[in-house]
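Dear colleague,

Please find below the structure that I am handing over to you, together with its sequence. My notes on it follow directly after.

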Amino acid sequence: MEEGLREQFLMVYANIPLNLRDETILLLEGEKIPITWNVAYLEVRENTEVSKEILEKLKKMDLI
């Protein structure tokens, strides 16, 4: 399922206007760190542990 979320994210990200990619889309629970589309893209591209949390949250928010 994670690979499917990754692909969905990349398709959505590709269609987001450049000026919106610096907008905050979520906060990580424990760290209260704002995540923008650009930060999410970097995490997802590198397939980090944080990317899994980001993808799950974006799915729950129906953004991907």
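**Confidence and conventions**

The protein has an average pLDDT of 92, and 97% of the residues score at least 70; pLDDT is the predictor's confidence in each residue, on a scale from 0 to 100. This is a predicted model, in which local features need a pLDDT of at least 70 and side-chain atom pairs count only at pLDDT 80 or more, while totals for chains, interfaces and linings use all residues. Residues are numbered from 1 along each chain as its sequence is written, and side-chain values use heavy atoms, with hydrogens and water left out. Among the elements of the protein, α2 has the highest mean pLDDT (96) and α1 the lowest (91). Helices (H or I, at least four residues) and strands (E, at least two) are DSSP runs, numbered from the N terminus.

**Aromatic residues**

A search of the whole structure returns three aromatic pairs. Rings of Phe, Tyr and Trp (its six-membered ring) pair if their centres lie within 6.5 Å; planes under 30 degrees apart count as stacked, over 60 as edge-to-face and the rest as tilted.

One of the pairs is F9 with Y13, which is stacked, at 5.9 Å centre to centre and with 25° between the planes. The two residues F9 and Y13 are separated by about one helical turn, because they are four residues apart in helix α1 (residues 2-14). F9 is buried, at a relative accessible area of 0%, and Y13 is buried at 9% (buried means under 20% relative accessible area, exposed over 50%, partly exposed in between, with a 1.4 Å probe and protein chains only).

Y13 also forms a stacked pair with Y41, at 4.6 Å centre to centre and 10° between the planes. This pair links distant parts of the chain, since Y13 lies in helix α1 and Y41 in helix α2 (residues 37-46), 28 residues apart. Y41 is partly exposed, with a relative accessible area of 24%. Ring pairs join F9, Y13, W37 and Y41 into a cluster.

**Helix α3 and the segment after it**

Helix α3 (residues 49-60) has twelve residues and reaches 18 Å from its first C-alpha to its last, close to the 16 Å expected at 1.5 Å a residue; the expected span is 1.5 Å times one less than the number of residues. In α3, S51, I54, L55, K57 and L58 are buried. Seen down the axis of α3, these buried residues fall within an arc of 165°, so they line one face of the helix; the arc is that of the directions from the helix axis to the C-beta atoms. On the other side of α3, E49 and K60 are exposed.

K57 counts as buried at 17% relative accessibility. Leaving aside neighbours within four places in sequence, K57 is in contact (heavy atoms within 4.5 Å) with L26, L27 and E29.

M61 is placed in the segment after α3 and is partly exposed, with a relative accessible area of 41%. With neighbours within four places in sequence again left aside, M61 is in contact with I25 and L26. Just after α3, D62 takes a positive phi of about 60°.

Yours sincerely
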